[in-house]
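The following note was prepared for a colleague who will work with this structure.

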Amino acid sequence: MVSVSVALFVSNLTGFAPARAWIAGWGGLPDVPFAADFSGNGRTDMVAYDPRGEGSLHLLPTKDGFKPADGLQILGNFGGNCQAIAVGSPGPEKPPIVVGLFGGNTIHFAVKSGAYPLKINNAWATLPRKIGNPVMSITTNRVFVFSAKDGSGFSIDPSTTKAEAVKLPANTVWLGDAGTNLVGKDTRGTIFWIDPNTLQRKGDLGKESTGSRPSAMPGLVVFGDQAWTPTKMIALESDGLPKADVARAVGRSGKFGRPIVYEWRYGSERGTGSLVQLRRGIIEEDAQLKEDDPESDAYNRCSGNDGLLDGWKKYGYRGLDLKALGCKPGQADVICLISRFDDVKQETIDAGVKRITSFYADLKCKNANGTTGINFHPVLLDPIKGDDAKNAWWVNRGKFLPDKWRGLVHWMQVTPGGGGQANELADGGTCGQNALWAVFVHEFGHQLGLNHEGFSPGYASPIYTSLMNYTYSYRFEDSLENVHYSDGSFSSLNLRENDLDETMAFSYDKLKFLEKGPYNFPVKKDGEKTLVDWNRNGIFGEKHVKSSITYAYSIGGGTRDDLGRSRTKTAPWLFEHQGRAFLLYGNNDLPKDDKIDPTLSPERPGRLILRRMDQPTKWEPETTIDSGGLTGDPVAVSYNGKILAAYQTSSGVVGRWISVGKNDTQMSSPFVLDADKTLVPTIAVYVNRAYVFLTNPATSKVTYRLIEKNVLTKDVKSFDFLSSNPVGLCLDTKNGEAILALAQDQDKGKTNRWQYRRFVAATDGTLTQTKGPVWVEGETGGSRGTGRMIALFDATKDAGPNGRVIIIAKGLTNATTPWSCCYMAHEIADPKFHGGWLVKRYYDEWTCSRSAPAATWFKGEILYSYRWVDGGQGETDNMLHVAYRGTGLQEQMLTDFDDVSYVRNFGLANSIPVLGNP
Ligand SMILES: [Zn+2]
């Protein structure tokens with residue numbers, strides 16, 4: 001029942017309190033927002049119509065006027081393709097109705113009848129003709145449907161559903177009921193009066209942006225930055241947020257019928273851009289109401305903009321004594337219940353909480369009462385023990401965060417170990433006790449709305465110095481003590497890894513952190529500016545630099561194309577031939593057996609498959625080169641106008657010539673390269689000869705055969721050094737030398753250490769070493785792995801005047817650890833940094849392979865391919881993945897973000913928007 005004290009007209013209004021955060025992202029586009037009191041409890045709730053699909057109406061009830069309660073759908077299947085919609089009461093004391101126009105002339109109607117959902121009448125009214133560009137409005141005892149163009153349409157009496165032709169002013173895009181007059185808004189943003197009898201325009205009231213929507217009820221029109229009442233205009237206090245279009249809906253709240261205004265922002269800024277705010281009317285009764293009366297506006301304000309009402313902070317709420325905790329109006333407070341696992345020591349919590357409290361107190365953000373920082377108030381709960389320790393953290397949140405305090409407090413559990421998890425812009429999470437304060441403020445940062453990227457489109461921006469960024473979670477300037485929330489200092493910078501500028505318009509003092517870990521970029525002061533050698537080629541101040549500057553954890557390769565769910569049971573091999581990219585790999589149809597490695601072998605042979613790329617993500621169908629004799633990882637090279645492939649079979653290592661035409665593929669018979677079928681072939685072209693290297697996995701001895709023109713020469717040559725891994729060769733296009741990637745055992749703990757050596761070819765093709773070994777990360781480094789090595793030479797300007805060597809290979813695998821991540825290592829100009837090398841993981845720790853990866857230069861990028869292992873020989877095991885940006889350069893922009901302001905001005909209030917049940 002609507003309280004009888006509600007006046008027909010708004011008459012007790014003297015002003016409006018400042019807008020306060022109500023909820024973020026509720027009822028935003030494409031929804032159409034309204035306000036109505038469907039529950040009939042005297043408090044107008046937010047309502048939103050979602051026009052998608054079959055159309056549905058959603059309600060966000062208010063709890064005692066303090067905050068929203070959990071939302072619910074109150075109407076489904078209102079109809080598809082709704083052309084216009086209105087929700088509201090056709091007069092004071094009347095329950096709200098929903099009307100929508102469908103098919104130009106059919107009006108669907110819904111009203112509450114008992115419990116939800118609302119009851120629909122799909123044939124409530126049919127108009128005599130169809131209305132184009134329709135606008136709908138509910139006013140006292142009338143429903144209007146009219147054309148926004150010429151104003152012609154109909155007025156329907158809701159009690160009889162009889163339609164009467166009407167003509168409203170042309171270009172009216174919105175119509176409201178101000179009481180004695182109707183009020184409209186036109187296409188130019190002018191708000192104007194309309195005579196309720198003649199429906200003629202009567203004079204202007206004001207203006208607002210064309211993308212905004214006003215709201216009216218008898219005695220009140222709210223638009224732009226003001227509100228009209230019969231006695232005076234009221235200025236609406238600015239919310240201090242960036243300019244944005246706003247849709248409004250007015251209503252009443254509480255026993256005095258206090259006018260309220262919901263405001264949906266359509267801003268472009270993160271967070272508050274989609275904020276819904278509430279403006280409460282200040283009414284004559286407020287002067288008499290005691291401050292501790294929850295109906296008093298003073299009680300209901302949120303001058304801390306932290307989601308905790310001033311009245312709660314002064315007088316407590318639902319059994320929580322906020323004042324005793326230290327909460328005060330006008331300052332930012334946040335309360336967190338902390339449940340420690342019983343095997344986490346109380347002292348650990350106490351020390352952590354102390355540090356967490358000072359971390360938030362020290363934030364440089366301002367409060368309305370003149371103080372700075374955020375006041376963090378911990379409430380320590382009883383330890384979690386027994387079976388509860390096995391629960392998912394959100395199950396424990398449901399158990400230990402009392403529902404009556406939902407919307408007032410956050411909750412975090414503290415477990416043994418490290419790491420953590422939390423929901424974003426929400427009230428729960430878990431964190432480990434190791435480096436507790438740092439992990440806590442990271443996970444709590446998620447609760448307060450922050451993500452790992454600082455909302456950069458790209459990943460792991462080196463100038464987003466926040467502890468939310470994995471790059472700086474535990475270390476900043478090489479110390480845990482320096483980790484922090486970012487203040488957005490570098491938000492004006494937009495970095496792109498494929499087009500970097502090495503001159504930065506920031507002082508050396510601001511940027512010198514880049515000299516420290518994890519990147520240790522070379523940085524130089526340049527007057528007011530700073531030079532950063534992003535590509536680490538030893539040259540400072542270059543422009544249009546391409547360099548991965550986000551590899552601290554890993555590099556990606558862009559899209560992981562699975563070539564239509566193709567499978568490989570060998571290492572894939574990539575190469576270029578006649579300007580096209582090709583893949584070579586092997587597969588068989590043997591059933592999976594969890595106890596057996598599915599990789600092709602003499603016991604489990606398979607077919608050899610060739611595949612040509614049409615364009616990225618488009619590959620021609622598989623061509624079978626050998627239908628069943630393949631027993632190991634195949635390789636191939638473009639040589640003398642044909643493809644020369646080499647692979648293991650049960651009768652030895654064989655070679656094969658392949659010609660790929662437009663529509664067909666021809667191949668020679670296999671010819672034996674070596675009768676020893678255990679030798680692993682790799683292949684390359686150097687100074688007009690094709691070299692087939694044969695690495696003996698048992699002895700680490702490497703021999704090689706030469707092919708000149710189309711002839712396999714007789715000699716079997718060998719190196720005077722060993723390689724534990726199949727070798728890889730490429731050409732240094734700067735000085736003409738050959739670069740051979742290999743691996744050697746240094747000692748027991750350092751087997752399979754990566755290195756390269758340089759060679760020139762004698763007239764008979766014999767390779768003579770000119771330099772080496774050059775160990776990856778230096779002789780004392782640790783880079784190593786098993787499986788075939790790939791060497792690539794980078795001659796771009798980013799590689800410096802002499803170019804640089806890139807080695808791509810898999811990490812260490814053996815019988816007990818049969819798969820590993822794959823890596824790219826490349827040289828840099830500074831020999832003192834990790835022996836002059838950077839080593840980067842591909843993708844992440846879950847992207848592992850049983851086989852070596854493949855890579856080749858192709859049109860200025862590195863094509864990269866690997867064989868996915870899913871760990872359990874399931875659906876995705878042995879999936880063949882190809883990435884088209886193997887250099888790891890992200891195309892997405894990288895920048896900085898002001899965590900502190902975001903948390904202070906948005907996250908605090910909007911992470912706890914919804915009140916639970918008392
Ligand atoms: Zn995180």
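Are His442 and His452 buried or exposed? The points below take up this matter together with the surrounding architecture.

1. The model is a predicted one. The C-alpha atoms of the protein chain occupy a box of roughly 105 × 70 × 60 Å along the principal axes. The secondary structure of the chain consists of eight helices and 61 strands.

2. Burial and contact range. Of the 918 residues in the protein chain, 57% are buried. When contacts between residues at least 6 apart in sequence are considered, 54% of them join residues at least 24 apart.

3. The zinc site. Three histidines coordinate the zinc ion through their NE2 atoms, namely His442, His446 and His452, at 2.0 to 2.1 Å. The spacing of these donor residues in sequence is H-x3-H-x5-H. His442 belongs to helix H6, whereas His452 lies in the loop between H6 and strand E33 (503-504), and the two residues are 10 apart. In reply to the opening question, both His442 and His452 are buried.

4. Packing of H4 on H6. Helix H6 (residues 436-447) also meets helix H4 (residues 346-361): their axes come within 8 Å and cross at roughly 55°. H4 and H6 are therefore oblique to each other. The handedness of the crossing is right-handed. On the H4 side, the contact is formed by Thr348, Ile349, Gly352, Arg355, Ile356, Phe359 and Tyr360. On the H6 side, the contributing residues are Leu436, Trp437, Phe440, Val441, Phe444 and Gly445. Sorted by class, the contact between H4 and H6 comprises nine nonpolar, three polar and one charged residues.

5. Why is helix H8 described as largely enclosed by the rest of the structure? In H8 (residues 899-910), 10 of the 12 residues are buried, so the helix is largely enclosed by the rest of the structure. The buried residues are Asp899, Val900, Tyr902, Val903, Arg904, Phe906, Gly907, Leu908, Ala909 and Asn910.

6. Partners of H8. Which strands do the buried residues of H8 pack against? The partners are strand E2 (20-24), strand E27 (275-283), strand E28 (332-340) and strand E29 (374-380).

7. Points to inspect in the model.

Key:
Residues are numbered from 1 along each chain as its sequence is written. This is a predicted model: local features need pLDDT of at least 70, side-chain atom pairs count only at pLDDT 80 or more; totals for chains, interfaces and linings use all residues. Side-chain values use heavy atoms; hydrogens and water are left out. Axes are lines fitted to C-alpha atoms, for helices over the stretch in contact, and angles run from 0 to 180 degrees between N-to-C directions. Helices (H or I, at least four residues) and strands (E, at least two) are DSSP runs, numbered from the N terminus. Angles under 35 degrees count as roughly parallel, over 145 as roughly antiparallel, 65 to 115 as roughly perpendicular and the rest as oblique. A crossing is left-handed if the near helix is turned anticlockwise from the far one by less than a right angle, and right-handed if clockwise. Contact means heavy atoms within 4.5 Å. Ala, Val, Leu, Ile, Met, Phe, Trp, Tyr, Cys and Pro count as nonpolar, Asp, Glu, Lys and Arg as charged, and the others, Gly among them, as polar. Donors are N, O and S atoms within 2.8 Å of the metal (3.2 Å for Na, K and Ca); water is not among the atoms, so sites may look incomplete. Buried means under 20% relative accessible area, exposed over 50%, partly exposed in between (1.4 Å probe, protein chains only).
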